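Thanks for asking me to look this one over.

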Amino acid sequence: MGRGLADVLRARPDYRLIDCCDSLPAALKCLRAEQPALVLVYLTARISLSEVRALRSAAAGAQIVLWGEGLTGEFALQAMQLGVRGILASTISIDGLLSALDDVHRGVLCFERELMDIVLTQTRVALTRRQGQIVSLVAQGFKNKEIANAMGITEGTVKVYLYKLFRKLGMNDRLDMALYGLKNLFVAQADGIDSFGPRSLPPQVRERTTVQVLN
């Protein structure tokens, strides 16, 4: 699908397609060399916040748009905080996608309404005190063995906790968890609960484009 869109962009006189990269290393090399105004990332697999951060660092002045499926509300919020200017579903029509890219280039934030409804209505993720402690220690750079020693549990138990936390928080790696902990962790004084939750960020919401398939 990404290659098909590349062909469409090449045919448009108002766009200059610099490259269509199939890997993160190739994309980073291209971004550092060319410093494009707009970067469209087609998600063939789950992307991590560390990868988004790498793209942001490689082309600090570029406007980044993510296009695909499988992005959670929490990930979308973190991506916005990293400077992503648009998140669009893979089902959007080509005309709708090109219109969104034009909007982003003009400075408009474009996010699918369905995803933004999740972000803006998302309740805080409640963690037990022990889960909160583990996230806090990860945010401080502790390794599994160090976490186990600090909490008086086995390293295997730490791995089980981390596996469950990655799934619960919708994250892929320790860096994502560490950043999430640094930004969102606070200790609630009542009931022994540590709460994690999104900060308010009300962007302009783009209506979801309906795609009709004709036989």
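The numbered points below go from the sheet to the loops, the side-chain contacts and the cavities.

1. Before we start, a word on the model. This is a predicted model, in which local features need pLDDT of at least 70 and side-chain atom pairs count only at pLDDT 80 or more, while totals for chains, interfaces and linings use all residues. Residues are numbered from 1 along each chain as its sequence is written, and side-chain values use heavy atoms, with hydrogens and water left out.

2. Let me begin with the sheet. Four strands form an open sheet in the order β1-β2-β3-β4, and their pairing is parallel. At the edges are β1 and β4 (110-111), each of which pairs on one side only. Helices and strands here are DSSP runs numbered from the N terminus, with at least four residues (H or I) for a helix and at least two (E) for a strand. Two strands count as paired if DSSP finds at least two bridges between them. As background, strands of a sheet pair through backbone hydrogen bonds, either parallel or antiparallel.

3. Leu40 has Val65 of β2 as its bridge partner, and Val41 stands opposite Leu66. Towards strand β3 (residues 84-88), β2 is joined by four bridges, again running parallel. Val65 has a partner there too, namely Gly86.

4. How many residues of β2 are buried? Five of the five are, so the strand is largely enclosed by the rest of the structure. Gln63, Val65 and Trp67 are buried on one side, and Ile64 and Leu66 on the other, so that both faces are covered. For these labels, buried means under 20% relative accessible area, exposed means over 50%, and partly exposed lies in between (1.4 Å probe, protein chains only).

5. The aromatic count comes to one pair. The rings of Tyr42 and Trp67 have centres 4.7 Å apart and planes at 50°, so the pair is tilted. Tyr42 sits in strand β1 and Trp67 in strand β2, 25 residues apart, and the pair thus links distant parts of the chain. Rings of Phe, Tyr and Trp (its six-membered ring) pair if their centres lie within 6.5 Å; planes under 30 degrees apart count as stacked, over 60 as edge-to-face and the rest as tilted. Tyr42 is partly exposed at 29% relative accessible area, whereas Trp67 is buried at 2%.

6. Next, the salt bridges, meaning a side-chain nitrogen of Lys or Arg within 4 Å of a carboxyl oxygen of Asp or Glu. The count is one. Asp103 and Arg106 form it, with their closest N and O atoms 2.6 Å apart.

7. Two backbone spots are worth checking on your display. Gln35 has a positive phi of about 50° although it is not a glycine. This residue lies in the loop between α2 (24-34) and β1 (38-42) and is partly exposed at 43% relative accessibility. The other spot is Gly141, which follows α7 and has a positive phi near 90°. Helix α7 itself (residues 129-139) has several buried residues, among them Ile134, Val135 and Leu137.

8. Finally, the cavities. On a 1 Å grid over the protein atoms alone, a cavity is a set of points where a 1.4 Å probe fits but cannot get out, and lining residues have an atom within 4 Å of a point.

9. Which helix gives the most to the lining of the largest cavity? Helix α4 (residues 73-81) does, with three residues. The lining includes Ile47, Phe75 and Asn172. Asn172 belongs to the loop between α9 (155-169) and α10 (174-184) and is partly exposed, at 37%. The C-alpha atoms of Asn172 and Ile47 are separated by 8.3 Å, although these residues are 125 apart along the chain.

How values were computed
On a 1 Å grid over the protein atoms alone, a cavity is a set of points where a 1.4 Å probe fits but cannot get out, and a pocket is an open set with protein on both sides within 12 Å along at least five of seven lines; lining residues have an atom within 4 Å of a point.
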